[in-house]
Amino acid sequence: MNKTLLDYCISTSSKLLMVVCKLYFSIRRFPLISDCFLSRVRRFHGDQTPSCLPAATRELYIMSAKKKGGNISKAEKERLQREADEQRLREEEEARLIAEREENERLERERIEQEKQQLLELKDRERREDELNELRHILDENHSAVTMWESECRNKAKWERYMRCDGSPDPAVQPEINSFISLWREDSETQIQQVLENCALALQLIDELDFLLSEGPEPCTAQQYRETVLCLQSINLYKLNQATEELLKFANSSSDIETGNMQTVVQDDNITLCLWANLNKNPRFKGYRFEEVGMGFELPKPLAVSDIAVRILHTRYDHLSHHSEREQVQRRRSMMEGFLTSPPESAAVVQDGKIEGGEDEGEGSKQVEEESRSESRKRSAVSVISSKEGRKSSSIKLLEEGESQMEGIATSLEADQKCSNPSPSELVFDSADIHIVDLQQFTPLGGVFYFDVFHLPPQSHIVKGWEMRELLETGLQVFPYPTEQSRVQSSTSVRLDEHSSTVVLLPVGVTVALPDSIMFLEGPQVARWDPIGQHWRTDCISETKYDAETRSISFQMNAFYAFTLLQESYANMPFQSWELRPLGQDSALFTITGALTEVSITVKGKQCMLQMEETKDLDHLLGKWMSPSELQKAMRRAGINIFVNEYSDKYVSINSKDPLIEHTVYEQMALMSSAVAFSWSRWNTQCGQEHLVLQACEQLEAVPVAEEMWSLYLLGAQRNQHLKMKEHDNSFSAELAEGSEFHSTFQHMFRQDMSIEGQARVRQSHYLYTDTIQRLLCATRVLTYS
């Protein structure tokens with residue numbers, strides 16, 4: 001600073017001196033400059049300390065004066081100290097007054113806010129009953145209308161079935177279906193094409209029975225349907241075996257000139273039959289591939305020189321999994337019931353695979369009690385507790401009905417009687433065997449591949465112009481593999497197991513192309529069927545190789561088994577985001593972005609249509625209008641699972657919410673979905689189990705929602721409110737938006753800011769449309785699984 005200007009400021013006025021003092025504090029870290037400043041002050045004021053200086057500056061001045069050798073009298077020191085104390089007291093008083101004023105202002109704001117809060121709560125309580133009654137009335141009317149419509153549809157379907165004159169029996173009429181089964185069983189027709197036609201008819205009847213079982217008929221009627229289904233499934237495979245035997249009897253007449261063996265492929269929409277007969281018995285034979293269907297097999301040397309026939313029968317339906325599903329579902333339910341209720345006093349114990357009672361009843365009961373404390377049972381009890389409290393959403397109820405249907409198909413009379421009184425040994429699922437496939441965690445896709453080896457039936461011989469054939473009454477005989485004879489014949493084909501002294505044959509290989517109608521989100525797993533334990537298992541399978549380009553999978557098994565391809569049921573969960581956007585009156589687009597793929601469902605009235613981008617294998621499914629239940633079944637069969645059940649939370653990391661609150665929100669979202677868009681919010685995971693947070697805004701145009709249009713809403717059992725914060729704020733705040741009020745229902749809260757056109761759309765929403773939206777929301781439970 002210029003010395004002349006500094007001298008002028010110091011000598012002219014106290015105010016300027018104060019400014020210069022402040023400047024001094026900012027530069028006092030530079031000793032040369034500060035010394036210059038203090039010397040200038042002493043030049044004009046001598047040893048008298050200027051009273052206009054702040055206390056801290058005066059002290060510095062005094063210290064500087066002492067340092068320079070200045071003499072300060074005792075009286076002057078006392079005066080300076082007194083002035084410093086007075087200045088400090090004044091500053092403290094000013095700070096106290098400021099703090100007191102700020103505290104009073106804060107208390108006043110809190111008082112005003114509290115009064116406003118109390119007023120809003122009072123208004124909410126006054127209109128709460130009216131709002132709840134209005135919502136209940138709307139929901140009851142829609143439910144009654146949907147129930148009546150469904151009843152009319154069932155009656156119409158029954159009438160159409162009665163009036164159908166295509167020669168097929170009515171599966172609901174017991175005499176008709178019994179006659180059909182008896183005549184089909186006794187039919188001697190074994191030509192493959194006729195058998196395939198009869199099998200297709202049987203599958204159609206099974207589907208009809210499945211539908212009838214889903215309607216929840218009387219127990220005795222349901223039992224008849226189940227027995228009928230089991231009979232049709234059994235005869236279906238029996239007839240296919242008869243047709244296979246008939247083809248093999250004439251294998252030599254259909255042999256290939258190049259290979260000397262017989263190989264043939266027969267297929268229709270439901271079944272593909274690949275058959276190979278070993279007529280040449282070439283010891284150098286390794287395997288064969290049916291190029292037209294992408295299937296093939298490899299054989300070890302002992303089989304290459306045997307009188308055998310190899311069959312790969314691919315059924316696009318699955319008549320095996322339900323046996324395992326029934327048992328697993330029953331055991332899971334028994335586990336949860338055992339967890340929630342104490343073990344019975346008269347518990348039986350398991351001895352040598354049989355249920356026996358006696359003196360060891362207490363020991364068996366104790367064993368069950370200890371097993372009931374396992375971690376799996378603890379987790380399984382969550383959904384049951386919610387259901388007992390009446391807080392289970394409609395999606396769980398609907399999926400339980402589908403599960404009951406699945407269980408009903410598989411259960412015979414004897415199995416039902418056993419399951420009605422489960423033994424204590426069934427209370428705990430055998431989770432120790434890690435090779436058993438959990439059909440809640442994994443889903444078989446693409447049907448079943450029956451990989452079998454049979455004894456080659458005697459072939460005809462021409463003797464003196466006569467064709468002679470040995471006739472056997474044993475039917476198609478399974479060739480045992482491995483056999484003791486094959487072990488002796490070829491020592492090169494055996495190897496020693498690393499963990500035991502048993503001799504094991506080299507495995508057989510198989511290659512199959514993935515079904516075109518299935519979308520595998522990940523590389524499929526392979527499981528074989530255990531006919532004794534009635535389970536899918538993953539052991540005895542090795543060297544699995546998946547080729548994504550050719551969409552084929554090859555592997556080896558130590559014997560011939562039926563096998564299937566598995567995909568993790570919840571590979572696409574938890575969801576990354578979701579959006580429900582209106583497209584017009586009674587029309588909306590429901591989009592879910594899963595972990596691996598994005599799924600969009602267009603809803604128009606009662607019909608739904610699936611839309612996806614990566615869709616080269618789903619032409620049969622995309623762009624097809626169907627009912628919500630049909631869409632769910634078709635998507636599951638195609639490997640696109642975005643639907644949950646009562647066990648899904650055991651396999652997916654979820655954002656746990658109260659099921660009753662969640663279901664209530666889905667109901668109201670469905671009512672408003674013709675005019676309001678809804679979307680995922682990241683704050684939903686941070687508001688606790690008793691509250692939900694989502695984004696919503698009025699949307700009357702069929703266009704994407706602009707980012708700035710979204711608003712956040714906090715929803716609970718007692719109160720719903722519009723939040724002031726936005727989705728991208730740094731922290732969560734439950735502060736109410738300006739001009740909004742508390743409401744007891746989501747619908748009434750949103751309606752207060754909705755336009756007249758939007759309110760008209762909501763009032764005019766068709767009950768079938770709202771029911772469809774509600775079913776989709778409850779089936780996906782996006783507020784919990786995202």
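**Figure 1. Strands β19 and β20 run antiparallel and are joined by 7 bridges.** In this predicted model, strand β19 covers residues 577-584 and strand β20 covers residues 587-593. Within the pair, glutamate 579 is found opposite threonine 591 of β20. In general, the strands of a sheet are held as pairs by backbone hydrogen bonds, and the pairing can be parallel or antiparallel.

**Figure 2. An open sheet is built from 8 strands.** The strand order is β22-β21-β20-β19-β23-β24-β25-β26, and the pairing is antiparallel. At the edges stand β22 (607-611) and β26 (720-722), each of which pairs on one side only. From one strand to the next, the twist averages 25 degrees. Helix α20, made of residues 767-780, lies across β19, β20, β21 (598-604) and β22. The helix runs at about 10 degrees to β20.

**Figure 3. Glutamine 607 is a residue of strand β22.** Leaving aside residues up to four places away in sequence, glutamine 607 touches Thr602, Trp625, Met626 and Ser627. Lysine 624 is 17 residues from glutamine 607 along the chain, and the C-alpha atoms of the two are separated by 9.4 Å.

**Figure 4. Helix α16 spans residues 628-637 and has buried residues.** These are Pro628, Leu631, Gln632 and Met635. Seen down the axis of α16, the buried residues fall within an arc of 100 degrees, so they line one face of the helix. Just after α16 comes glycine 639, which takes a positive phi of about 85 degrees.

**Figure 5. Strand β17 pairs with strand β13 and with strand β16.** Strand β17 consists of residues 552-557. Its pairing with β13 (residues 508-513) is antiparallel and has 6 bridges. Here glycine 509 stands opposite glutamine 556 of β17. The pairing of β17 with β16 (residues 541-547) is also antiparallel, and it has 5 bridges. In this second pairing, isoleucine 541 has methionine 557 of β17 as its bridge partner. How many residues lie between β16 and β17 in their hairpin? There are 4 residues between the two strands, and arginine 551 in the turn has a positive phi of about 50 degrees.

**Figure 6. Strands β1 and β2 form a hairpin.** Strand β1 covers residues 262-267, and strand β2 covers residues 271-277. Between the two strands there are 3 residues. The strands pair in the antiparallel sense over 6 bridges. Threonine 264 stands opposite leucine 275 of β2.

**Figure 7. Aromatic rings form pairs and a cluster in the structure.** The structure holds 18 aromatic pairs. For phenylalanine 555 and phenylalanine 563, the ring centres are 5.0 Å apart and the planes stand at 85 degrees, so this pair is edge-to-face. The cut-off for that class is an angle over 60 degrees. Both phenylalanine 555 and phenylalanine 563 are buried. Elsewhere, one aromatic cluster is formed by Trp276, Phe285, Tyr288, Phe290 and Phe297.

**Figure 8. Charged ends of arginine residues sit over aromatic rings.** Arginine 528 has its charged end over the ring of tyrosine 561, 4.4 Å from the ring centre. The charged end of arginine 719 lies over the ring of phenylalanine 742, and here the distance to the ring centre is 4.4 Å.

**Figure 9. Arginine 161 lies in helix α5.** Helix α5 takes in residues 74-163. Arginine 161 counts as buried because its relative accessible area is 9%, and buried means under 20%. Which residues does arginine 161 touch, not counting those up to four places away in sequence? They are Ser168, Pro169, Asp170, Pro171, Leu205 and Glu208.

**Figure 10. The protein chain has 20 helices and 26 strands.** The chain has 786 residues, of which 47% count as buried. Among contacts in the chain with a separation of 6 or more, 67% are between residues 24 or more positions apart.

Key:
Residues are numbered from 1 along each chain as its sequence is written. This is a predicted model: local features need pLDDT of at least 70, side-chain atom pairs count only at pLDDT 80 or more; totals for chains, interfaces and linings use all residues. Side-chain values use heavy atoms; hydrogens and water are left out. Two strands pair if DSSP finds at least two bridges between them. Rings of Phe, Tyr and Trp (its six-membered ring) pair if their centres lie within 6.5 Å; planes under 30 degrees apart count as stacked, over 60 as edge-to-face and the rest as tilted. Buried means under 20% relative accessible area, exposed over 50%, partly exposed in between (1.4 Å probe, protein chains only). A charge sits over a ring if NZ of Lys or CZ of Arg is within 6 Å of the ring centre and within 35 degrees of the ring normal. Axes are lines fitted to C-alpha atoms, for helices over the stretch in contact, and angles run from 0 to 180 degrees between N-to-C directions. Contact means heavy atoms within 4.5 Å. The arc is that of the directions from the helix axis to the C-beta atoms.
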